[in-house]
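Subject: Model handover and findings

Hello,

Here is the structure I promised to pass on. Please open it alongside these notes.

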Amino acid sequence: MKLNVPRKTRLYVDQTLREREAGTAMHRAFQTDLYLLRLRAARTYLQALESSLSPVSTTAREPLKLHAMVQGLGPTFKLTLHLQNTSTARPILGLLICFLYNEALYALPRAFFKVPLLVPGLSYPLETFVESLSNKGISDIIKVLVLREGQSAPLLSAHVNMPGSEGLVAT
């Protein structure tokens, strides 16, 4: 059976000739851009690890994992944090959770609280309520920081993108 192959256009022929003549230079430019992209991604990843801006801890002393989930339509949201000790045998004690947020947009009953003893392998749901104070449906980010008692540098953090409040917009 004969295939219906379209005729070669002038544009196709010109493009083929250009690729044939400058193929090595095009490949070299692609490889350079790919190398720079990988380098930039590695630097950003390293910066995130050094400043504890990731939801997974990289230290062997406090192997933690944090997952945040927002529920509700507003103006009151339920923010659930799942904190897990990923150690195989050692429990973790003496952790604190701190919330950083825009106080003009949100209200939390407790912006700072202690975490109970974390048994290895279990995921602990820690719940709090967030009330949206804006009646314009504006939303922002709430930063969740996990700290060790007596230290100011966070062990890990999560940025929670809050949804717009559906309840206040409708009224």
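Contact, as used below, means heavy atoms within 4.5 Å. With that cut-off, Ile97 touches Leu81, Leu83, Ala111, Phe112, Phe113, Val115, Leu126, Val144, Leu145 and Val146, leaving out residues up to four places away in sequence.

Two ground rules. This is a predicted model, in which local features need pLDDT of at least 70 and side-chain atom pairs count only at pLDDT 80 or more, while totals for chains, interfaces and linings use all residues. Residues are numbered from 1 along each chain as its sequence is written, and side-chain values use heavy atoms, with hydrogens and water left out.

**Confidence**

pLDDT is the predictor's confidence in each residue, from 0 to 100. The chain averages 84, and 89% of the residues score at least 70. Helix H1 (residues 10–21) has the highest confidence, at a mean of 91. Helix H3 (residues 166–170) has the lowest, at 55. Where pLDDT is low, the predicted coordinates should not be read in detail.

**Overall layout**

Helices (H or I, at least four residues) and strands (E, at least two) are DSSP runs, numbered from the N terminus. The chain has 3 helices and 8 strands. Along the sequence the pattern is α-α-β-β-β-β-β-β-β-β-α. Of the contacts with a separation of 6 or more, 62% join residues 24 or more positions apart.

Buried means under 20% relative accessible area, exposed over 50%, and partly exposed in between (1.4 Å probe, protein chains only). By that rule, 27% of the 171 residues are buried. The chain exposes about 11800 Å², and carbon and sulfur atoms supply 58% of that area. Areas come from the Shrake-Rupley method with a 1.4 Å probe; for residues, only the protein chains shown count as cover.

Two strands pair if DSSP finds at least two bridges between them.

Strand E3 (residues 95–100) is mostly covered, with 5 of its 6 residues buried. E3 runs antiparallel to strand E5 (residues 112–115), joined by 4 bridges. E3 also pairs with strand E7 (residues 141–148), again antiparallel, over 6 bridges. Where does Leu96 find its bridge partner in E5? At Lys114. In E7, the partner of Leu96 is Leu147. Leu95 has Arg148 as its bridge partner in E7.

**The other sheet**

A second open sheet, also of 4 strands, has the order E1-E2-E6-E4 with antiparallel pairing. Its edges are E1 and strand E4 (106–107); each has a single partner strand, so one side of each is left without a neighbour in the sheet. E1 and E2 are antiparallel and share 8 bridges. Gln71 has Lys78 as its bridge partner in E2.

**The core**

A nonpolar core is a set of buried Ala, Val, Leu, Ile, Met, Phe, Trp, Tyr and Cys residues joined through side-chain atoms within 4.5 Å. The largest one has 28 residues, and Ile97 and Phe99 have the most contacts inside it. Strand E1 (64–71), strand E2 (76–85), E3, E5, strand E6 (123–132), E7 and E8 each give two or more residues. E2 gives the most, with 4.

Phe99 lies in strand E3. Its relative accessible area is 4%, so Phe99 counts as buried. Among the residues that Phe99 touches beyond four places in sequence are Leu79, Leu81, Leu108, Thr128 and Ile142.

Val115 sits in strand E5. Val115 is buried because its relative accessibility is 7%. Beyond four places in sequence, Val115 is in contact with Leu83, Leu95, Leu96, Ile97 and Leu126.

Best wishes
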